[in-house]
Amino acid sequence: MAAALRAAALRAAAARLRLAAPGPGLVFTRSAFVARKHNYEHPNWFGVGLAFSTSAALWALLFKQHNEDVMEYERRKEERKHKCTGCS
């Protein structure tokens, strides 16, 4: 019985919301994104520089991490070869 009451209350709330909301033709909205033609004579140099510098920084980070991984691999490979019982 409680579930039926809750369902009825939800249906009533939904009906009130539909009545309170204006129709699609009555609402005037302004989009946050405005479509305009690109001006190729005046590029956005800040955006271009930001994109290239971000790409360069990510590539540098990738190469640095790769070199560290290779050094760690070589160190562990040498550890596996070392079978001395006196140093452990």
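These are my notebook entries on a predicted model of one protein chain.

**Ground rules**

I number residues from 1 along each chain as its sequence is written, and I take side-chain values from heavy atoms, with hydrogens and water left out. The model is predicted, so I ask for pLDDT of at least 70 for local features and 80 or more for side-chain atom pairs, while totals for chains, interfaces and linings use all residues.

**Overall**

I then checked burial. Of the 88 residues, 0% count as buried (under 20% relative accessible area; exposed is over 50%, partly exposed in between; 1.4 Å probe, protein chains only). The accessible surface of the chain is about 9,000 Å² (Shrake-Rupley method, 1.4 Å probe; for residues, only the protein chains shown count as cover). Carbon and sulfur atoms hold 66% of that surface.

I counted 6 salt bridges in the structure (a side-chain nitrogen of Lys or Arg within 4 Å of a carboxyl oxygen of Asp or Glu). I followed one network of them, which links E72, R75, R76 and E79.

- R75 pairs with E72, with the closest N and O atoms 2.6 Å apart. Both lie in helix α2, 3 residues apart, about one turn.
- R76 also bridges to E72, at 2.8 Å from N to O. These two are 4 residues apart in α2.
- E79 meets R75 at 2.5 Å, N to O. Again I find both in α2, 4 residues apart, about one turn of the helix.

How accessible are the members? R75 is partly exposed at 40% relative accessible area. E72 is partly exposed at 30%, and E79 is partly exposed at 49%.

**Aromatic pair and nonpolar patch**

I searched the whole structure for aromatic pairs (ring centres of Phe, Tyr and Trp, its six-membered ring, within 6.5 Å) and got 1. W59 and F63 form this pair, 5.9 Å centre to centre with 35 degrees between the planes. I log the pair as tilted, because planes under 30 degrees apart count as stacked, over 60 as edge-to-face and the rest as tilted. Both residues lie in helix α2, 4 residues apart, about one turn. The helix covers residues 45-81.

W59 and F63 turn up again with L62 in a nonpolar surface patch of about 360 Å². For patches, I take residues with over 30% relative accessible area and no salt bridge, joining like charges within 9 Å and nonpolar side chains (Val, Leu, Ile, Met, Phe, Trp, Tyr) within 5 Å.
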